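Reader: Hi! Could you walk me through this one, please? I'd like to talk about side chains and packing.

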Amino acid sequence: MKKDFKYSMSLVNGSVYRNGKFYLEDIYMSDQQITKIVPSGKILPCKKIVDCTNKLVLPGFIDPHVHINLDLGEFKSSDDYESASKAAAFGGITTFIDFLEPISYVHGFYEVLKKKQSETKTSYIDYAFHTAVGNFNDDVDELIKISRESGIPSVKLFTTYSESNRKISYTKIEEFLKNSNKTNTLILVHAENDEMIINANVEDTVESYESSRPAASEIEEIEKLARIVAEIKGKLYFVHVTCGSSIELLNDKYKELLGKNIFIESCPQYFHLTKDMYDNDNGNLFLLAPPLRSSKEQEKLKENISVIDTIGTDHCPFTKEEKMRYKEASKIPKGLGSLEFSFSLMYHLFGDEIIDKFTLNPAKIHKLFPKKGIIQVGSDADFVIFDPEKVLYIDSSHSQSDNNPYENIITTGMVESTILRGEFLVKNRKLVGSMKGQFIWRE
Ligand SMILES: [Zn+2]
């Protein structure tokens, strides 16, 4: 006779991360959700019991910034949904947010949405989208309305790339922020000062690449935008902040806006790699925009980790051949892959302090909360079983790119297993799940 269990699976005897602390608790799940949390000790009847002794049980990680199937014309980023989500699963990421292709007119929205939706059927993990605009000269309210009606309450803008017609005008930025203030829509911004980049006037080489998009251009632009937010309010989210000085500035001058009107994202590459890589023969491999910075800026970034809200990867890898094809920096496809190692790299540097930046904070800021980002009854049963003692030697990855910027780095702390909505995706470092990722509708 088949016995019917109330719970489909339990994680027992682990250190469970809740409200910023660890508790010795057992978690029970059924119907893809967390249904009971009790102090460890007595095990309840359950179909499958997983022992997590000496392991950390963390909420599934959220990467709010990935580029999958990014098409740059001559180049297309290496990962599709299958390979990106597989790499993500090995890194403990159970939800990521990808970008729709930038549009300049409202009427382009459904086409880019449909295109993106058609790419996602092979996703192992859950996903959501951000709308993105290039040099947008259309009705802001209408765009945000239809984006939200499609479960996408976030729009990304660029203050640079005028050469590829992506740069938006400041009048439009103000319109987006005014709308954000009314509708609580999140405005993401790639902040680099376009004029300073145009006037940088340096050689088009890898060695000079950082000076062609200098730290000052980020700092200047962030200050400019913060001033606008101070006036208009709304919600502005700075993607991939590279400089500790940018964060210091925000914290010194605009502290009262942080966490309310201004949010800060940074990426693992800016903590682990510096612009010195550009002086090496294989410097091409590390090209991305904005560039890697000086070790001085990197130190400051680390000092200001507590001010940073989220860690996204800006995952956008290309192959070694593609990265090495040209000598001119302007012709090299920009981007790195970080999905698989993001958490381990950051945990290695900061320990438990980093957990919320991969879970609770992105869930709240990007409106995935309380479905995602937290271990509590009623939330999705997404977990990472993490061994904080195990040493991870990074030698290969599950990305389709052969260019792994973290090769030969050793971290302490390893994602052992990843669970998505009550089922193992990765178990003891082996892929065991299938492509059941779902679109997460955000209000
Ligand atoms: Zn990006």
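**Contacts, rings and helices**

Author: Happy to. Setting aside neighbours within four places in sequence, L113 is in contact with L100, F129, S150 and I152. Bear in mind that this is a predicted model.

Reader: Thanks! Where does L113 sit, and is it buried or exposed?

Author: L113 belongs to helix α2, residues 109-119. It counts as buried, because its relative accessibility is 6% and the cut-off for buried is under 20%.

Reader: And how far apart are the C-alpha atoms of L113 and H130?

Author: They are separated by 9.9 Å, with the two residues 17 apart along the chain.

Reader: While we're on α3, at what angle do α3 and α4 cross?

Author: Roughly 50 degrees, and the axes of α3 (residues 140-149) and α4 (residues 170-183) come within 9 Å. The two helices are therefore oblique to each other.

Reader: Which residues make that contact?

Author: On the α3 side they are V140, D141, L143, I144 and R148, and on the α4 side K172, E175, F176, N179, K182 and T183.

Reader: Is the crossing of α3 and α4 left-handed or right-handed?

Author: The crossing of α3 and α4 is right-handed.

Reader: Now α7 and α8: what are the angle and the distance between their axes?

Author: Helix α7 (residues 215-232) and helix α8 (residues 244-253) pack at about 25 degrees, with their axes 9 Å apart.

Reader: Which residues of α7 and α8 make the contact?

Author: From α7 there are E218, I219, I222, E223 and A226, and from α8 there are S245, S246, L249, L250 and K253.

Reader: Let's switch to rings. How many aromatic pairs does the structure hold?

Author: It holds 19 aromatic pairs. One of them is formed by Y7 and Y28, a tilted pair at 5.0 Å centre to centre with 50 degrees between the planes. That pair links distant parts of the chain, since Y7 is in the segment before β1 (9-18) and Y28 is in strand β2 (residues 21-30), 21 residues apart.

Reader: Are Y7 and Y28 buried or exposed?

Author: Y7 is buried, with a relative accessible area of 7%. Y28 also counts as buried, at 0% relative accessibility.

Reader: What about Y81 and Y127, how are their rings arranged?

Author: Y81 and Y127 form an edge-to-face pair, 5.7 Å centre to centre and with 70 degrees between the planes. This pair also links distant parts of the chain: Y81 is in helix α1 (residues 81-90) and Y127 in strand β8 (residues 126-132), 46 residues apart. Y81 is buried at 0% relative accessible area, and Y127 is buried at 8%.

Reader: Nice. Which residues do ring pairs link into a cluster?

Author: F61, F343, Y347, F358 and F386 are linked into a cluster by ring pairs.

Reader: And which charged residues lie over rings?

Author: Here are two. The charged end of R166 sits over the ring of F158, 5.1 Å from its centre, while K427 lies over the face of F424, at 4.8 Å from the ring centre.

Reader: One more helix: how many residues of α12 are buried?

Author: Helix α12 (residues 342-350) is mostly covered, with 7 of its 9 residues buried. They are S342, F343, S344, L345, M346, Y347 and F350. After α12 comes G351, whose phi is positive, near 65 degrees.

Reader: And L349, what does it touch?

Author: Apart from residues up to four places away in sequence, L349 touches F271, H272 and K302. L349 lies in α12 and is partly exposed, with a relative accessible area of 32%. The C-alpha atoms of L349 and I34 are separated by 30 Å, and these residues are 315 apart along the chain.

Key
Residues numbered from 1 in each chain as written. Predicted model: local features only at pLDDT ≥ 70, side-chain atom pairs only at ≥ 80, totals over all residues. Heavy atoms only, no water. Phe/Tyr/Trp six-rings, centres within 6.5 Å; stacked < 30°, edge-to-face > 60°. Helix = DSSP H or I, 4+ residues; strand = E, 2+ residues; numbered from the N terminus. Buried < 20%, exposed > 50% of the residue type's maximum accessible area, 1.4 Å probe, protein only. Lys NZ or Arg CZ within 6 Å of the ring centre and 35° of its normal. Axes fitted to C-alpha atoms, helices over the stretch in contact; angles between N-to-C directions. Contact = heavy atoms within 4.5 Å. Parallel < 35°, antiparallel > 145°, perpendicular 65-115°, else oblique. Left-handed = near helix turned anticlockwise from the far one by under 90°.
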